Amino acid sequence: MILKDKVAIVTGGARGIGREIALTLAREGSDLVIVDVDNQALTKIEEEIKELGRQILVFSVDVTALSQVEEMVNKTLDKLKKIDILINNAGITRDALLIRMKEEDWDKVLAVNLKGVFNCTKAVSKVMMKQRSGKIVSISSIIGLIGNVGQANYAASKAGIIGLTKSVAKELAPRGINVNAIAPGFIQTEMTASIPENIKAKMLERIPLGKFGQPQDVANLVMFLASEKASYITGQVITIDGGMV
Ligand code: NAI
C-alpha cells in the first residue's frame, strides 16, 4: 500500500474516471473525500469505499462555488484532521462549433473545468502549506494540447488547467507540495459514450496502441503522482493516450 493512511479529496469522484481514481487510492490505503453533484452516484461510491475498509466522506458540492468548497475543506479537516492529496477531476463538455456556441456553454464549461480547479486548489493549498506537504493532480486533456473541432470551450478550459498547474507548482514548491496535471486521450466513460460510432472509429485509427483507454489506466498514473514515489516530479503535464499525441 503506497498511500497508507493518507487523506485524499477527489472531485467528480462519484462516477467515471474519478470513481476509479477513488477506488484505486482507497485500495492503496487512503481515506477518501468525494465531491460531486450526482447524489445517487455519491451514495453508491460511499458504500464501495466502506467495503474496502477505508473512511469516506461524501459532499454534494458544486466545485464552481468557492464558499461550498471552503466549507467542504473545513468539514474534512474537522473529521479527518489533514489533507494529503487533491485530485481535480470534475469536468463537463458542452460541445458546439464556435459560431454556434452559446455564451452559457462557454461560461459553464470554463466555470466547472477551470474555475472549479482554481477553487479547490486554492482552498486545499492553505491547508497543505501549513502541513508543508501535499500532492495536487488535475485532470486536463489532450484536447487542451492539440484542440478539437467543436470543443473551443473545453480545449480552452483544459489548456487553462495546464497554465494554472505550472504556476501553482512554482508557488507551492518551497512548501514541499507537488502540483501536476494529466492529459488523457480517449478514455471509455459515460462522457465519451455519446460520441457517434463513426467518429470513434476514426479516433481509433489515430491511436498507435490500437485501443481506447480505461479509467483504470488514468487511476494508475494518479496513484503514482499522489505517492511519495513521485516526490521529485512537479509542474508537469503527463499525457496518457495510447500514443495518440
Ligand atoms: P464523467 O462525466 O463520467 O464524470 C464527471 C464527474 O464530475 C461526474 O460524476 C459529475 O457528476 C461530476 N461533476 C460534474 N460537474 C460537477 C460540478 N460542478 N461539481 C462537482 N462535480 C461535478 O466524466 P469522465 O469521463 O469520468 O471525466 C473525468 C475527467 O476527465 C473530466 O475532467 C474530463 O474532462 C477528463 N477527461 C476525460 C476524458 C475521457 O475520454 N473520458 C479524456 C480526457 C480528460
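1. Let me start with Gln-40, which sits in helix H2; helices here are DSSP runs of H or I with at least four residues, strands are runs of E with at least two, and both are numbered from the N terminus. At 71% relative accessibility, Gln-40 counts as exposed. The cut-offs are under 20% relative accessible area for buried, over 50% for exposed, and partly exposed in between, with a 1.4 Å probe and protein chains only. Gln-40 and Ala-14 are 26 residues apart in sequence, and their C-alpha atoms are 8.7 Å apart in space.

2. Before going on, please keep in mind that this is a predicted model, in which local features need pLDDT of at least 70 and side-chain atom pairs count only at pLDDT 80 or more, while totals for chains, interfaces and linings use all residues. Residues are numbered from 1 along each chain as its sequence is written, and side-chain values use heavy atoms, with hydrogens and water left out.

3. Helix H2 also holds Lys-44. Lys-44 is exposed, because its relative accessible area is 54%. Its C-alpha atom is separated by 15 Å from that of Val-10, 34 residues away along the chain.

4. Ile-34 belongs to strand E2, residues 31–36. Is Ile-34 buried or exposed? With 0% relative accessibility, Ile-34 counts as buried. Ala-8 is 26 residues from Ile-34 in sequence, and the two are 8.5 Å apart from C-alpha to C-alpha.

5. Now for the ligand. Which residues are closest to the ligand? The shell has 27 residues, and the closest are Arg-15, Asp-36, Tyr-154, Ile-187 and Thr-189; a residue is near a molecule if one of its heavy atoms lies within 4 Å of it. By residue type, the shell divides into 13 nonpolar, nine polar and five charged. In this scheme Ala, Val, Leu, Ile, Met, Phe, Trp, Tyr, Cys and Pro count as nonpolar, Asp, Glu, Lys and Arg as charged, and the others, Gly among them, as polar.

6. A polar side-chain atom of Asp-36 lies 2.5 Å from a ligand oxygen atom. For Lys-158, an N or O atom of the side chain is 2.9 Å from an oxygen atom of the ligand. Ile-187 takes part through its backbone, with an N or O atom 2.8 Å from a ligand oxygen. Taken alone, the ligand exposes 830 Å², and the protein buries 94% of that; these areas come from the Shrake-Rupley method with a 1.4 Å probe. Helix H1 (16–27), helix H6 (152–172) and helix H7 (190–193) are the elements that give two or more residues to the shell.

7. Arg-54 counts as buried, because its relative accessibility is 15%. Its side chain and that of Asp-5 are joined by a polar contact of 3.2 Å. Such a contact is a pair of N or O atoms within 3.5 Å; within protein, one must be able to donate a hydrogen and the other to accept it, and residues adjacent in sequence count only if both atoms are side-chain atoms. A polar atom of the Arg-54 side chain also lies 3.0 Å from the backbone oxygen of Gly-29.

8. Two residues other than glycine have a positive phi worth checking. Asp-5, in the segment before strand E1 (7–11), has phi near 65 degrees. Asp-5 counts as partly exposed, at 43% relative accessibility. Lys-81 has phi near 75 degrees and lies in the loop between helix H3 (66–80) and strand E4 (85–88). Lys-81 counts as exposed, at 63%.

9. How many cavities of 30 Å³ or more does a search of the whole structure find? The search finds one. A cavity is a set of points, on a 1 Å grid over the protein atoms alone, where a 1.4 Å probe fits but cannot get out, and lining residues have an atom within 4 Å of a point. The largest cavity has a volume of about 30 Å³, counted as the space filled by probe spheres set on the points, which are joined across faces, edges and corners. Its lining includes Thr-11, Val-63 and Cys-120, and helix H4 (residues 103–131) gives the most to that lining, with four residues.

Key:
1 Å grid on protein atoms, 1.4 Å probe; cavity = no way out; pocket = protein on both sides within 12 Å on 5 of 7 lines; lining within 4 Å.
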